[in-house]
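Please look over the structure below before reading the briefing.

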Amino acid sequence: MNTTTLIRQLSSYRPSLDRDSLLKLSRRILGALGAPLLGLAMFLLLWQLAAARIDTSLGSFPGPMDVAGQAANLYQEHRAERERAVVFMERQEQRIQARLAQDPDWEPVRRGYTGPPTFFDQIGTSLLTVLAGFALASVIAIPLGIVMGLSRFASNAINPLVQIFKPVSPLAWLPIVTLVVAAVYVSDDPMFSRSFVVSMITVMLCCIWPTLINTSVGVTTVSQDLNNVSRVLRLGWFTHVRRIVLPSAIPMMFTGLRVSLGIAWMVLIAAEMLAQNPGLGKFVWDEFQNGSSDSLSRIMVAVLAIGLIGFLLDRIMLIIQRRVDWQKGAVS
Amino acid sequence: MKPLLDISSVSMRFPTPKGEFEALKDVNLKVNQGEFVSLIGHSGCGKSTVLNLVGGLYQATTGGIILDGKEVSEPGPERAIVFQNHSLLPWLSVWQNVELAVKEVFRGKKSRAEMRDWIEHNLDLVHMLHAKDKRPDEISGGMKQRVGIARALAMQPRLLLMDEPFGALDALTRAHLQDTLMEIQRELNNTVIMITHDVDEAVLLSDRIVMMTNGPSATIGEILNVELPRPRNRIALADDPTYNHYRHDVLSFLYEKQRKVEPFSRRRKASAPSETCTAQA
Amino acid sequence: MNQTFSNLLRRLAAVGLLVTATASAADLGWPEKEELTFGFIKLTDMAPLAIAQEKGFFEDEGLYVSLEAQSNWRVLLERTISGELDGAHMLAGQPLGATIGYGTEAHIITAFTMDLNGNACTVSNEVWNLMKPGLEKKDGKPVHPIPASALLPAIEHSQNRGQPFRMGMVFPVSTHNYELRYWLAAGGIHPGFYAPQRGDTSGTLNSDVNISVTPPPQMPSTLEAGTINGYCVGEPWNQQAVFRNIGVPVIADEAIRNNVAEKVFGVTNGWAERYPNTHVRVVRALIRAGHWLDKDNNANRQEAARIIAQSRYVGADYEVIANSMTGVFEYEKGDVRPAPDFNVFFRYHATYPFYSDAVWYLTQMRRWGQIPEAKPDSWYLDMAKKVFRPDIYRQAAESLIADGLMTAADFPDFASESGFRAPDATRFIDGITFDGQSPNAYLEQFSIGLKGNDTP
């Protein structure tokens, strides 16, 4: 074999190798990303096609481009509002100085911007409310679930109540919570606004159940062998709960917590819509009431944001669950 | 000499939906300090019930169990148990599993450093020090059982109870662990009661083999003294006539005198109550 | 005892007012509460609040206000009572209804009327097509005002199909409820009685037309869905129906009865007593906003429409809002007629809380059974005075005059003003005259409606 043929061979060989590996690589990329992207593209196409055909009293249903446009708009509005806030603060300062000149004994209060919350502010409020409600639910559900799991008596006492209250929708709780909070949560300088407390408690009431049930089941199903270990070691009650019961209930508990957080997010949006509590739900409701030609697009932006945040919350819970769960690889 | 453990006239009845089930009837056994006793019998014969009674996990319906002159009424670390399926806490590392026991048993008796040395010592005994930071799901079944033994040993028990400790392991691993156990026994000379299905294991390890009759109302059928010199070597013993004689005695008890005679279909049905017995055991 | 004590206080306050008659802002005293949240419903007549906010009138008073849209009138009222809202854009009937205990009972007062008129009745396209042949026409266009009797063919059509003729209004004590009932009754159609003493608050007793509550922003979609055949509501929800081709406005409320308080700015009496300076300052800002809205013959209305078209306020499309705000009103598509007084924010002393307006609402509550038993004339006047508070308005107005921000000519002559409009100030579609001083005699004039000792 002479050099020329060798070179020719090599040169004909190398591209084919590259093509081959490229093909493999692209197939792998397609496998990982292709299906979701294709699904997304199909969805957008169907959306666009369907949108043009649906005629609502607010004009035709917005397509993906309208919604993207409104998303950008909402961001612009957010920026504009921030600028207004800066101007407001300056103006406030001037007014304070003017009054101090007249009324030197006055102790000025420098307040934050009093303008309306933007879409992004509403997202923040919703997240804060849902996390507070979820935290409150967890703080109640986990200890109660442990008690239920450890004591057959407590379980028999509480379980019927759980079964009755579990299927109650937030729509039913809301009026009761609103009235009770209005009657009970009375304070001149409340730490939290009443609407926040109402949403938080409504969220808590609806999302407490999966955590409660799963925790109690997790505790009940502690393996008899581990209980025997604990008995042989004569672990005290508290040590037993801390070293044996809690860790073994963790996988079940976290499954419950994840379901709870999902419910909490869903319930929150409904609660905000109904109760005029600030947040994404109120944004949707306000836009619905606006009835302007942009309203539907803006609501769609909110719908997508709600879905995306719900998804992210679940992912975050999953990451935490993977970190604390001793059943490696058992979580998906 | 006064026996370390005295099981006298023990009967055990479990309530079941179909009425009482008598698992054990009139069991009498004395175990001396430093003795290695195996309990052998068919499944469902109440071996585990005996062990759980001694462990204090059950209370005898009649009769009594006396350890060191004191009646056994609850579980405790002086009667450490090596469980059949290791029963390690899956969320703790090997080290932490042993540490949990050591901290509980030696609280106020050993300093922090002494505890650390003691854990290390016990893990070393079972050759598991190299895997001390692994979690149970990261090690093999045999290794898990070694940790289970280390945990039990670390409690410095008066009596070590082993519930088919090698039952779930493959033959090779089992042999390894039996050797390790003999090695430890040579060093510590613990008093041990072990449940087994395995005739070779019983003969190889024991000073006495307690053979149990079939349930219900199981009791001790025969007791065989194994007077083989220690240290014992499994390869050397394979051709040892005395060893084979002992083996033969046990086998004939199990498969001639206490042979299970029910037809297959009955046996399947009958296995239900006996399984409740073991499940409760 | 409490009653007499508070009367005494009020008299003392009135004396005090004379002394400080020329107080300017500086003499008013600083606001006790600076951070305020006011509620509103997405209707164009919330404009005074939006203007006071955007033009800095609130801030001029040292007030930092957040404006919050509410989902419906009930929520707005409950939140005002519970204190979550410091004050709110209310239906004129709401403070009265709450104070006399119809619905949620609470003592609510108002010192500022936000606007006059601004409502209309709209019917679905189907109803319009049934009405149209029977209408009197001039130059090819229907002659206005269209009497409610024109609805009869549509009502018959619907009853022949075994369905009641349904109409929406926004709240049991809303202007719209009384206007719609007034119009129907004037056309010989019985709108139905309330009988709260028997727990019947549906308002459909003996009715030819079934009237029910729908929140304003949902009116067009409810009409489109066919749940109701027509409605009476404020703007922009009538013009919205024209734009979306789902219905036709048939009569504006100024043709039913003009220049009676429409929306008011309501606060709880407790709030007003706790924060008197704040209250006066809020009224000052709102007076300036009302004045701005009507200034120079509605010159600012386009700008106002742009402001309230923002999604934080009314949020509807500018074109829809501008249609009624800028002095015209579109009936059937293309039938645009001038309507300079469709929305009145300041002229005709619109912002002054007249006792006679309160009495008129109370007479309507009596007429339709919300007040089921006879009340003496004095009761009507006492209630009007308990709720409508021109004394606070006067304090605000006089300080504005003292500050040179407004002139005395902008206001009624406080020295002689009795709080009662002249009987000829309001024009009713049925030609009946209303004298606020004698409500029972007024009720006697109606053929449909409770009067004397009638109970529903």
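In this structure, 27 residues of chain C are in contact with 21 residues of chain A. The model is predicted, and the values below are computed from it.

**Where chain C meets chain A**

- On the side of chain C that touches chain A, the elements that give two or more residues are the strand β2 (64–69) and the helices α5 (73–82) and α10 (219–224) of chain C.
- The largest share of that side of chain C comes from β2(C), which supplies four residues.
- Sorted by class, the residues of chain C on this side divide into nine nonpolar, nine polar and nine charged.
- Of the two pairs of chains in contact, it is chains A and C that share the most contacts.

- Chain B and chain C, by contrast, do not touch, and their nearest C-alpha atoms are 49 Å apart.

**The two domains of chain A**

- The domain assignment of chain A gives domain 1 (61–115) and domain 2 (117–324), and the centres of these two domains, taken over C-alpha atoms, are separated by 33 Å.
- Where the two domains touch, the contact takes ten residues from domain 1 of chain A and nine residues from domain 2 of chain A.
- The side of domain 1 of chain A that touches domain 2 of chain A has, by class, five nonpolar, two polar and three charged residues.

**The fold of chain B**

- Chain B has nine helices and ten strands, and its radius of gyration is 19 Å, close to the 19 Å that the globule rule gives for 281 residues, so chain B is as compact as a globular protein of that length.
- Along its principal axes, the C-alpha trace of chain B spans about 55 × 50 × 45 Å.
- Of the 281 residues of chain B, 41% count as buried.
- When contacts in chain B between residues at least 6 apart in sequence are considered, 72% of them join residues at least 24 apart.

**The nonpolar cores**

- In soluble globular proteins, nonpolar side chains tend to be buried together.
- The largest nonpolar core here has 146 residues, and those with the most contacts inside this core are C:Trp183, C:Val283, C:Ile308 and C:Ala384.
- The largest share of this core, nine residues, comes from helix α14 (residues 276–298) of chain C.
- This core also draws at least three residues from each of domain 1 (2–116 + 262–328 + 340–444) and domain 2 (119–259) of chain C.
- Leaving aside residues up to four places away in sequence, C:Val283 touches C:Ala111, C:Phe112, C:Ile392, C:Tyr393 and C:Ala396.
- A second, separate core of 138 residues includes B:Met12, B:Leu160, B:Val250 and B:Leu254.

**Backbone details in the loops of chain C**

- The peptide bond from C:His144 to C:Pro145 is cis, with omega near -5°, and C:Pro145 is placed in the loop between β7 (141–142) and α8 (152–160) of chain C.
- Another cis peptide bond joins C:Glu235 and C:Pro236, where omega is about 10°, and C:Pro236 lies in the loop between β12 (230–234) and α11 (237–243) of chain C.
- C:Asn206, a residue other than glycine, has a positive phi near 60° and is found in the loop between β10 (200–205) and β11 (209–213) of chain C.
- C:Asn206 has 12 other C-beta atoms within 10 Å, and a residue counts as exposed if that number is 12 or fewer, so C:Asn206 is exposed.
- C:Tyr348, in the loop between β17 (343–344) and α17 (355–367) of chain C, has a positive phi near 55° and is likewise a residue other than glycine.
- C:Tyr348 has 15 other C-beta atoms within 10 Å and is therefore partly exposed.

Methods. Residues are numbered from 1 along each chain as its sequence is written. Chains are lettered from A and ligands numbered from 1 in the order in which they are written. This is a predicted model: local features need pLDDT of at least 70, side-chain atom pairs count only at pLDDT 80 or more; totals for chains, interfaces and linings use all residues. The radius of gyration is taken over C-alpha atoms; the globule rule is 2.2 Å times the number of residues to the power 0.38. A residue is buried if 20 or more other C-beta atoms lie within 10 Å of its own, exposed if 12 or fewer, and partly exposed in between; C-beta atoms are placed from the backbone. Two residues are in contact if their C-beta atoms, placed from the backbone, lie within 7 Å. A nonpolar core is a set of buried Ala, Val, Leu, Ile, Met, Phe, Trp, Tyr and Cys residues joined through C-beta atoms within 7 Å. Domain bounds come from an automatic or database domain assignment. Ala, Val, Leu, Ile, Met, Phe, Trp, Tyr, Cys and Pro count as nonpolar, Asp, Glu, Lys and Arg as charged, and the others, Gly among them, as polar.
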